[in-house]
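Please keep the structure open as you go.

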Amino acid sequence: MKTIDTIPTNKIQRASKLVTTGVKVGGNYLKYYGEKIINPELNRDKLNESNAEDIYDGLKSLKGSALKVAQMLSMEKNIMPKAYVEKFSLAQFQVPPLSAPLVRKTFMSYFGAAPETLYDSFDAVSVAAASIGQVHKATKNGKHLAVKIQYPGVADSISSDLALVKPVAIKMFNLKGKDSEKYFKEIEGKLLEETDYLLEVQQSKEITQACAAIPNLTFPIYYEEMSGERIITMDWMHGEHLSEFTKRNNQKDVANKVGQALWDFYMFQMHVLKKVHADPHPGNFLVDANDTLIAIDFGCIKQVPESFYVPYFELAKPENINNPEIFLQKMYQLEILKESDSPEEIRFFSELFHELLSLFTLPFHGEHFDFSDTEFFGRIARLSDKYAKDTSLRKMNGNRGSKHFLYINRTFFGLYNLLHDLGANIQVNNYRSFI
């Protein structure tokens, strides 16, 4: 793969790159509408492919939060067009890496020493590159290591990058008023945390120790003496990415074994630790030769406050969802409904979220749930399509729900999709045996 020697780091450079990308997308639309005049039957598939290609090409050179957003969107399989999901999913672990000279320069800047002086061996060619950093192989005292290096300027550009995409997001999600700021602050805060590698090492150690009793699940050891604010050294873990594993595996019992470990890992964090690995994409998980699940990245950890946790999971119970009085009470506690809402808004959003939650919480309604059930995911897709086309929704204020919904919903959507790709049938309350 072609390497890159520079990354735009200041606001003007990054804004210029986004503007150039916008011009290309605009050209794609002009071409599409011109062709549609000649061929009225033309669909948007080719337009989506062209736009996805141009947007991804622009973002991958910027890296950082801009590319991280693309990675997050690639998980929205039931919302985003297929072309965007396929192209943006490359942001998980297939983006152009830094060149060897830039790796050395970055290492010297972050650690004050060349990599070959700190390790017995260090491969200057990256083995994996994603949105915030890239990974290199190294050895030390006979141990095989993975060294994660953060891209230059990523932490400093987060606020300005979000400021650039904010107008688009406000329009896309129909956000209105000052209340929308809480969502952007939540995203900015989590992205800044992801650039703090000292915090990541601390979170990694805490969660891996707490989850050590979960079977068929393992983690790398982190080496604090060879880690810093922008560099992490950990064990090199042998395995294949979860996405590659799901493509080749055709054994239902193995899928169930890996899927159960994944489910138990998330449920234990959510219900016992009250904090959760909020970045469940295939690039963050490996499966080894013994079909053991390996979790390898803890940069994005979401704390789950009790004030959100309680009403959120109370609505996972059918008797609460279907009790109008309790349901309405939880809607206010979760900030989905507001005291200032009109009767029309109360009716509309109560009906919308009743439909959404009745479907989305189905995996919690019994002792087992089969995530290979295509009907369940088909219903999610149809519901997403229904409200995407609902013109009345666009007239409403889209500022709905606590800020905590952003990463908690992202976590569950990602988890559901991973389990669906695995085709796993899981025991819902199995995690309780490890408490």
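**A helix pair, the cysteines and one tyrosine**

Helix α11 (residues 252-273) packs against helix α17 (residues 405-422) at an angle of about 165 degrees, and their axes lie 9 Å apart. This is a predicted model, in which local features need pLDDT of at least 70, side-chain atom pairs count only at pLDDT 80 or more, and totals for chains, interfaces and linings use all residues. Residues are numbered from 1 along each chain as its sequence is written, and side-chain values use heavy atoms, leaving out hydrogens and water.

**Helices α11 and α17**

- The two helices, α11 and α17, are therefore roughly antiparallel to each other (an angle over 145 degrees).
- The crossing in which α11 passes α17 is left-handed (the near helix is turned anticlockwise from the far one by less than a right angle).
- On the α11 side, the contact (heavy atoms within 4.5 Å) includes W263, Y266 and M270, and on the α17 side it includes F412, Y416 and L419.
- The residues of this contact between α11 and α17 comprise 14 nonpolar, two polar and no charged.

**Cysteines**

- The count of disulfides (pairs of cysteine sulfur atoms within 2.5 Å) is zero.
- C211 counts as buried because its relative accessibility is 0% (buried means under 20% relative accessible area, with a 1.4 Å probe and protein chains only).
- C300 is also buried, at 2% relative accessibility.

**Around Y197**

- Y197 sits in helix α9 (residues 197-210) and, at 1% relative accessibility, counts as buried.
- Y197 and G299 are 102 residues apart in sequence, yet 7.4 Å apart in space, C-alpha to C-alpha.
- Not counting residues up to four places away in sequence, Y197 touches residues including I132, K148, Q150, E229 and R230.

Methods:
Axes fitted to C-alpha atoms, helices over the stretch in contact; angles between N-to-C directions. Helix = DSSP H or I, 4+ residues; strand = E, 2+ residues; numbered from the N terminus. Parallel < 35°, antiparallel > 145°, perpendicular 65-115°, else oblique. Nonpolar A, V, L, I, M, F, W, Y, C, P; charged D, E, K, R; others polar. Buried < 20%, exposed > 50% of the residue type's maximum accessible area, 1.4 Å probe, protein only.
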